[in-house]
Amino acid sequence: MGATVNLEIERRKRDHIDAVLNENVTAKGTTTGFERLYFEHVALPEIDLDDVKTGCAIFGKRLAAPLLLSSMTGGTDIAKKINSHLAEAAQELGIAMGVGSQRAAIVDTTHENTFRIRSLAPDILLFANLGAVQFNYGFTVEQARKAVDMIEADGLFLHLNPLQEAVQTEGDRNWSGVLNKIGELVEALDTPVVVKEVGNGISAGIARRLVDLGVSGIDVAGAGGTSWSEVEAYRQNDEQKRRIAHSFAGWGIPTSIALSEVRRALPDTPLIASGGIRSGVDVAKAIRLGADLVGMAAPTLAPAIETTDVVIAQMAAVAEELRVAMFCTGSAHLTELRQATILDNRSALTL
């Protein structure tokens, strides 16, 4: 692929960072649904807060808390700093991390250094990342293996972003046969493959079809957080295309609904909840609804541009908020949190 393509991808990645940092790209007209849910407060928890443990195990790794620094960036100069700070924070806190799409580094190996962070985080659960639609545009199992090997990853995220591609000027719009391509990858790779959306949600039906193909886990990545159609709207110079992109600001399955429905359909599949998670209380609600791991992206982007310590401080606060939420539900462990009473304030009915 030529230098023009490389520059185009690099410019796009920088545009995405700038839009998330400087524009209001949160979903409009829809929310995660977590604000409707509240735990029944346990005024007599009968446990010692110091004994509340947030540890968990997933994909063969032990984590200090069920937290994931979700996929954000790579392929630009600033991305190296961002990914390094995130990796150092993940290592310090004992949590998981996923890098942004590695397409830029597959196209141009000079970008590999913006993703190579394993030396900074030797012990973390680390996910490589490629767009599933790229396997309709020349990528093969070889590129998937290269993405994993590049960062010594424990697993591979394949992200689904049809809406973003549809409203992006440079978007890849041919999604015919992508499901079969995912099946071929899963069969050929030894590494666990987790399929994720980017902020519009995965339905129970789609999740079931993916797991039937052998996918190891699902990140529902629901609506209510960053809207990538909004991000793309701010990149548009064409007024009509900008209007079309803005029209989808509220599109998608709210995170809480996607999570609940996928968990009901797939009781034994590892699930990640992301999309609009903003606090440890949100994390607790996601765990209660069925998540094994909970991801945050946009809230950590600005801290990651600053320093590792700022990321550590933010995510340590999230972990402590989770611990306090567990304490106030009388849950000493995550298994107990999954049984805590949670209510919907629209109906006051126990879920």
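In which strand does lysine 61 lie? Lysine 61 belongs to strand 3, residues 61–63.

1. Basis. This is a predicted model, in which local features need pLDDT of at least 70, side-chain atom pairs count only at pLDDT 80 or more, and totals for chains, interfaces and linings use all residues. Residues are numbered from 1 along each chain as its sequence is written, and side-chain values use heavy atoms, with hydrogens and water left out.

2. Lysine 61. Its side chain reaches the backbone oxygen of isoleucine 124 at 2.9 Å. Leaving aside residues up to four places away in sequence, lysine 61 touches Cys56, Arg118, Asp123, Ile124, Leu125 and Asp154 (contact: heavy atoms within 4.5 Å).

3. Eight strands form a closed barrel in the order 4-5-6-7-8-9-10-11, with parallel pairing (strands are DSSP E runs of at least two residues, helices H or I runs of at least four, numbered from the N terminus; two strands pair if DSSP finds at least two bridges between them). Neighbouring strands of this sheet are turned by 25° against each other on average, direction ignored (axes are lines fitted to C-alpha atoms, for helices over the stretch in contact, and angles run from 0 to 180 degrees between N-to-C directions).

4. Helix 2. Residues 77–93 form helix 2, which lies across strand 4 (67–69) and strand 5 (96–98) and runs at about 160° to strand 5.

5. Valine 195. Strand 8 (residues 193–197) pairs with strand 9 (residues 217–219) in the parallel sense over 3 bridges. The bridge partner of valine 195 in strand 9 is isoleucine 218. Among the residues that valine 195 touches, beyond four places in sequence, are Leu158, Ile182 and Ile218.

Notes. Polar contact = N/O pair within 3.5 Å; in protein donor to acceptor, adjacent residues only side chain to side chain.
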